[in-house]
Amino acid sequence: MQQLVPVLALAALFVVILALMARGWRRRGRSQQDLPAPSAATLPQLGEDTEIGPLAAIYVSTVLAGRPLERVVAHGLGQRAAAEVTVGSGGTWHIDREGTRSLTVPASAVDEITAGPGMAGKFIGGDGVLILRWRLGDQLLDTGLRLARREDHDLLLSRKEHS
């Protein structure tokens, strides 16, 4: 009986913390509701052939540009997922995310391709996360990808000369 009270108090504290986290997530989603939904069109639908890919990757998340801990939760952009990345002949990036909506970044929206140590959802150090900086509406975003093979990472990183 003496141990029951601390266990119940700890359980209650855990439930309160989870509720506060959910509230913060919903508030962030409401603050980002004016962000337009990104396209999910495939490369053939856009009239492009596949130039690179599909390459196996982990979609880490999308964050506000230059703010690696400010996850974008609108339109499911903050959800980590297994993915396949394809780059079209016109420079369009298509990210097919498992369990959530695909994401297509037109070549005209790509601002920069870099690599960094990570972002919200995954920090590994070095330059292990490929970062695609792109514009959605008026907002500049960074999308992080962890490629399954280093050769694929380097290949996509070399695209910065083409963008």
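Predicted model: local features only at pLDDT ≥ 70, side-chain atom pairs only at ≥ 80, totals over all residues.
Q: Which residues have the most contacts inside the largest nonpolar core?
A: They are Trp 93, Val 105, Leu 130, Leu 145 and Leu 156, within a core of 28 residues.

Q: What does Leu 156 touch?
A: Leaving aside residues up to four places away in sequence, Leu 156 touches Ile 52, Leu 55, Val 85, Val 87, Trp 93, Ile 113, Leu 130 and Leu 147.

Q: And which residues does the second core include?
A: Val 60, Met 119, Ala 120 and Ile 131 are among its six residues, and this core is separate.

Q: Back to S1, then. How does S1 pair with S2, parallel or antiparallel?
A: The two strands pair in the antiparallel sense, over seven bridges. Within that pairing, Ala 57 stands opposite Ala 83 of S2.

Q: How many bridges join S1 to S9?
A: Seven bridges join them, and these strands run antiparallel.

Q: Which residues are joined by a cis peptide bond?
A: Gly 53 and Pro 54 are joined in this way, with omega at about 5°. Pro 54 belongs to strand S1.

Q: What about His 75: where is it?
A: His 75 sits in the loop between S1 and S2. Its phi is positive, near 60°, although the residue is not a glycine. With a relative accessible area of 33%, His 75 is partly exposed.

Q: Turning to S8: why is this strand described as largely enclosed by the rest of the structure?
A: S8 covers residues 129–136, and six of its eight residues are buried, so the rest of the structure largely encloses the strand.

Q: Which way do S5 and S8 pair, and over how many bridges?
A: S5 (residues 110–116) pairs with S8 in the antiparallel sense over six bridges. Gly 116 stands opposite Val 129 of S8.

Q: How many bridges join S8 to S9?
A: There are seven, and S9 (residues 139–147) runs antiparallel to S8. One of the facing pairs is Leu 136 with Gln 139 of S9. The hairpin of S8 and S9 has two residues between the strands, and there Gly 137 takes a positive phi near 65°.

Q: Changing topic, how many salt bridges are found in the whole structure?
A: The search finds seven. Three of the residues involved, Glu 112, Arg 133 and Asp 142, are linked in a network.

Q: Which residue does Arg 149 meet in a salt bridge?
A: The side chain of Arg 149 meets that of Asp 152 at 3.2 Å, N to O. Arg 149 is partly exposed, with a relative accessible area of 45%, whereas Asp 152 counts as buried at 9% relative accessibility.

Q: Finally, the surface: which residues make the nonpolar patch?
A: Leu 10, Leu 13, Phe 14, Val 15, Ile 17, Leu 18 and Met 21 make a patch of about 720 Å².

Q: Where is Val 15 found, and is that residue buried or exposed?
A: Val 15 is found in helix H1 (residues 4–31). Its relative accessibility is 53%, and the cut-off for exposed is over 50%, so Val 15 counts as exposed.

Definitions and conventions
Residues numbered from 1 in each chain as written. Heavy atoms only, no water. Patch = residues over 30% accessible without salt bridge, like charges linked within 9 Å, V, L, I, M, F, W, Y side chains within 5 Å. Areas by Shrake-Rupley, 256 points an atom, 1.4 Å probe, with all protein chains shown as cover. Salt bridge = Lys/Arg side-chain N within 4 Å of Asp/Glu carboxyl O. Helix = DSSP H or I, 4+ residues; strand = E, 2+ residues; numbered from the N terminus. Buried < 20%, exposed > 50% of the residue type's maximum accessible area, 1.4 Å probe, protein only. Pairing = 2+ DSSP bridges. Core = buried A, V, L, I, M, F, W, Y, C linked by side-chain atoms within 4.5 Å. Contact = heavy atoms within 4.5 Å.
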